[in-house]
Amino acid sequence: HVLIRKSGKFAAYSDATVEGVVDRTILYIAQASFVPTNFNHSRGIVMNQLVRFMGLKSELYRPDASSYVQAVADVPLVSQPGFNPLQLQWPFDPESITIPLWAREKYRLTQYCPARNDADIGAGQRVGLLTKWDTVKLNTMYCPERTIEADPTRGPCVFCSLIVSRNMKRGTPTITGPSPATHVAPARFIQVNPTVLDFHGKAGEVLDRKIQLTNSVHGRIAWRVLTNAPTRYVISPSKGFLGPTESLQVNVMLIDGAKYHHRHRFIVQGKAAPGEDTDRKTIWKETPAPTPLQSIRVKTVSAPLDSKNGTPTSSCSTNSSAPSTPTSQSDVSENGSVEEPKSHGVHSTKIDELTDKVRTAVDKKQQEVCRLVAVVNEVKMLEVELDRETQAVQELSERIKLGEAQFSALSEKERQMKGEIEHLRKAIPANIRAGNQHVAEN
């Protein structure tokens, strides 16, 4: 059974003890939960602590929360909680009862929550009710058979976890992500020029390009440059700070012109940097509370850029007589008709065997990935259990210290009482003798 008590110092912590054959859990609810005059608010705060005791963490501190909400004011910093993977497999819920009352004033939704407004942030705790997705996440943890009709693609926010599906016909993976329906004005901290870099060169040639960064706000900012090909490029410097209206040139060097690929990209990010932040590395470490961040994409091309408009020039004219490239499915004849692909002859059997081997290898790799994901999820669940046990040990240590203090106080009280009893014991015979003498005299 569960015994619920009020606490003036703690919020939703448990004290599990075993008394004979009865398993008793004491759950402490913060005294501040009963202070609000609005009954719905008070009920929402209490319910938040109850679901937190059941393992549901605050949606604001999810690892992917910064994709859905951005802080527009100072928010309290808390340590990153350990999330149950079963909660993270469902979409972010801005109305969740785990989001506090004050969040609506300090956060704004991004374009990935087109179905909700900023006023809906923390609505569950304001009305004192669980949302649909609160119940789905709790049922996933305790009653998974009740979540068979829940569809993660129909949540209040776009589910940004990448869904990887393999096209069996082509044998190539395809990745589908969110397609935002609305636009939210992003934060602007930094200006980047240019936004297209030309890496047109020969094999073995070192190509050196420059990016101009300018602080566009009146405060100090932190910046960094990222790339999806870190082994091909040398970026110097790659991160740092800029004062108000300050500018800086970043050198981007391609080690070998033959190593260029048209998918190479760069991301320039900027965010506000308080004066006390001096380490350019630690400032980019993940923080529990999301902060406004600007990201600018810098594309790359392999053709020389037009000096007038900065666009890639083409060496092919519209009247080029070069033969067109055949399609992947069939060849195009001179009169425009589609011809059937030619047979590979004696090599067709070998090609089929190699294709089967490739598909088998891909399937095996996918199974290994699934097993690895399962192991990671199990490790995360063990971490959650370890956190709970650690908290229980700490609470038990506090109770032991309290018991020792009470025992010391009782021992001192016992010593004082024994002294008083001994004093009374000595005083009683003297009183008796004095009374007997008085009677004899009478």
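Mentor: A disulfide is a pair of cysteine sulfur atoms within 2.5 Å. Keep in mind that this model is predicted.

How many disulfides does the structure hold? The count is one. The partners are C113 and C157, with sulfur atoms 1.8 Å apart. That distance is within the 2.5 Å cut-off, so the pair counts. Now look along the S-S bond. The angle about that bond is 95°, and the link of C113 and C157 is right-handed.

C113 is in the loop between β5 and α4, and C157 is in the loop between α5 and β6 (163–167). The pair therefore ties together parts that are 44 residues apart in sequence. Are these ends buried or exposed? C113 has 3% relative accessibility and counts as buried. C157 also has 3%, and it too counts as buried. The cut-off for buried is under 20%. Another cysteine, C143, has a relative accessible area of 25% and is partly exposed.

R108 is partly exposed at 32%. D118 is partly exposed at 30%.

The structure holds nine salt bridges. Another of them joins R62 and D64, at 2.9 Å from N to O. Here R62 is buried, with 3% relative accessibility. A further one is found in helix α6 (residues 348–441), where E385 and R388 both lie. They are three residues apart, about one turn of the helix. Their closest N and O atoms are 3.6 Å apart. E385 is partly exposed at 39%, and R388 is partly exposed at 34%. Salt bridges can also share partners.

Now turn to the rings. There are six aromatic pairs. In one of them, W90 and W133 have ring centres 6.0 Å apart and planes at 45°, so the pair is tilted. W90 lies in the loop between α2 (85–88) and α3 (103–106), while W133 lies in helix α5 (residues 132–142). The pair links distant parts of the chain, 43 residues apart. Both W90 and W133 are buried.

Y233 and F266 form an edge-to-face pair. Their centres are 5.0 Å apart, with 80° between the planes. Why edge-to-face? The planes are over 60 degrees apart, so that label applies. Y233 is in strand β12 and F266 is in strand β15 (residues 266–272). The pair therefore ties together parts that are 33 residues apart in sequence. Y233 is buried at 4%, and F266 is buried at 0%. Ring pairs also extend this picture: F199, Y233, Y260 and F266 are linked into a cluster.

R220 lies over the face of F241, 4.1 Å from the ring centre. K271 has its charged end over the ring of W284, 4.8 Å from the centre.

Finish with the backbone. Most residues other than glycine have a negative phi, and most peptide bonds are trans. With that in mind, look at some exceptions. The peptide bond from N193 to P194 is cis, with omega near 0°. P194 sits in the loop between β8 (190–193) and β9 (196–198). S236 and P237 are also joined by a cis peptide bond, with omega about -10°. P237 is in the loop between β12 (233–236) and β13 (239–242). Recall that Y233 lies in that strand β12.

Then comes T245. It is not a glycine, yet its phi is positive, near 60°. T245 is in the loop between β13 and β14 (247–254). Is T245 buried or exposed? Its relative accessibility is 60%, so T245 counts as exposed.

Key: Residues numbered from 1 in each chain as written. Predicted model: local features only at pLDDT ≥ 70, side-chain atom pairs only at ≥ 80, totals over all residues. Heavy atoms only, no water. Helix = DSSP H or I, 4+ residues; strand = E, 2+ residues; numbered from the N terminus. Buried < 20%, exposed > 50% of the residue type's maximum accessible area, 1.4 Å probe, protein only. Salt bridge = Lys/Arg side-chain N within 4 Å of Asp/Glu carboxyl O. Phe/Tyr/Trp six-rings, centres within 6.5 Å; stacked < 30°, edge-to-face > 60°. Lys NZ or Arg CZ within 6 Å of the ring centre and 35° of its normal.
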